Amino acid sequence: MYMQYAFSLATRGAGQTGANPLVGAVVIKNGRIVGQGFHRKIGEAHAEVVALSEAGNRGRGADLHVNLEPCCTHGHTRPCVDAVLAAGIKRVCIAETDPNPAVNGRSVEMLRRHNIEVTFVNPPEYVATLNRHYRKYITTMTPYVILKIALTSNMKISGYAGKYVTREPALRYVHALRGRTGAVLVGINTVLADDPYLTDRLAARRNPARIIIDPRLRISAEANVLAANARRIIFTGPGSDREKIARLQTLGVEVVQMEARHFPTADLLRRIGMLKIGAVIVEGGGKTFTQFLEERTYDEMYVFVAPITVSTGIDVPAASAMIERARPESIGEDILYHVYRDN
Ligand code: AOF
Ligand code: ZN
């Protein structure tokens, strides 16, 4: 029960923790909650520290329930194991060890060496999914990649039918997905054609970081996607206009210059990982989507199909092949195919 509660606290950090995990912690003394917390944002206090400081002296002899093994590393913050020892906690219940190679069971050993009981609580079903993004990132140093595309029923990316192919509630679904993922990536063609905002309109505070692939730096400084309500990152090629780069930087835009105009997605993902982004949703257009698909550098894919047909528009044959092995699900009038890449 307490672990379930720790999980629900952990999910409150979704989309905010960047390269860090989702962690919730509860301190229990004599059957009562005396402290609780979650990891709000990368760079800020860890869940255990929040919960333990709320508990204060009541932490002596108490149990700590936390979904992830406490850390023993010095990063933005001091090691949580030290805080656990200092607080006089008697028992630590965890759901999984920290897949970070720098932790990975070391804290469990350390706690046991200090005669603190460590219990693994049989994780309910969703423990495997809770830190799926983090597990990929921390073991590969590249972000978890979600592909998302909206197609007409004749499998084209609409060339003219307006910005939105799908409608509510599929749009709402995508906004929530952006908020949970924490970063959105698009190619420059999509920016020029649609001038999208790529926000999480459901929770403006959680606007995802926005990454734009723009080899020739064709973006306008006034593009909606560059609105200063989140982190904005442009990947460009060699030889892009230096003055324009400087101007974008004064607007707070991060500009990364790659060695070539065309770069493999694997290189791109390594660079995104270096920016401490743990998960990204690739929202097109067709060329960007197809490149990730063909280079097999994605982890999960969402294809929305709307009940309209267009005669022009970009064909995405790779998407039609993928959805053949997916189970369709209705989202309002649209159909969603959700698949994981099979390894
Ligand atoms: C926990 N509880 O709430 C988090 C943990 O740079 P830092 O100090 O934020 O440390 C990041 C590392 O700490 C991260 O890679 C992971 O191993 C752990 N994150 N651990 O016990 C938390 N956020
Ligand atoms: Zn920690």
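This dialogue walks through some features of a predicted model.

Reader: What should I know about the numbering and the values before starting?

Author: Residues are numbered from 1 along each chain as its sequence is written, while chains are lettered from A and ligands numbered from 1 in the order in which they are written. This is a predicted model, where local features need pLDDT of at least 70, side-chain atom pairs count only at pLDDT 80 or more, and totals for chains, interfaces and linings use all residues; side-chain values use heavy atoms, with hydrogens and water left out.

Reader: Which residues coordinate the zinc ion (ligand 2)?

Author: Donors are N, O and S atoms within 2.8 Å of the metal (3.2 Å for Na, K and Ca), and sites may look incomplete because water is not among the atoms. Here H46 (ND1), C71 (SG) and C80 (SG) coordinate the zinc ion (ligand 2) at 2.0 to 2.2 Å. Along the chain the donors follow the spacing H-x24-C-x8-C. H46 is in the loop between β2 (32–38) and α2 (47–55) and C71 in the loop between β3 (63–68) and α3 (80–87), so the pair ties together parts that are 25 residues apart in sequence. Helices (H or I, at least four residues) and strands (E, at least two) are DSSP runs, numbered from the N terminus.

Reader: Are H46 and C71 buried or exposed?

Author: Buried means under 20% relative accessible area, exposed over 50%, and partly exposed in between (1.4 Å probe, protein chains only). Both H46 and C71 are buried.

Reader: How many salt bridges does the structure hold?

Author: Side chains of opposite charge can pair when their charged atoms come close. A salt bridge is a side-chain nitrogen of Lys or Arg within 4 Å of a carboxyl oxygen of Asp or Glu. The structure holds 12 salt bridges. One of them links R135 and E96 (2.6 Å, N to O). R135 lies in helix α6 (residues 132–140) and E96 in strand β4 (residues 91–96), so this pair ties together parts that are 39 residues apart in sequence. R135 is partly exposed at 28% relative accessibility, whereas E96 is buried at 13%.

Reader: Where do D267 and R270 lie?

Author: Both are in helix α10 (residues 265–274), 3 residues apart, about one turn of the helix. D267 is partly exposed at 29% relative accessibility, and R270 is partly exposed at 45%. Elsewhere, salt bridges that share partners join D63, K90 and R91 into one network.

Reader: Which residues have a positive phi although they are not glycine?

Author: Most residues other than glycine have a negative phi, and most peptide bonds are trans. N115 has a positive phi of about 60 degrees. N115 is in the loop between α4 (106–113) and β5 (117–120) and is exposed, at 71% relative accessibility. R296 has a positive phi of about 55 degrees. The place of R296 is the loop between α11 and β13 (300–306), and R296 is partly exposed at 41% relative accessibility.

Reader: Where is the cis peptide bond?

Author: A cis peptide bond joins G284 and G285, with omega about 5 degrees. G285 is in the loop between β12 (279–282) and α11 (286–294).

Reader: How far apart are the C-alpha atoms of S311 and K156?

Author: They are separated by 8.7 Å, and the two residues are 155 residues apart along the chain. S311 is in the loop between β13 and β14 (314–315) and is exposed, with a relative accessible area of 63%.
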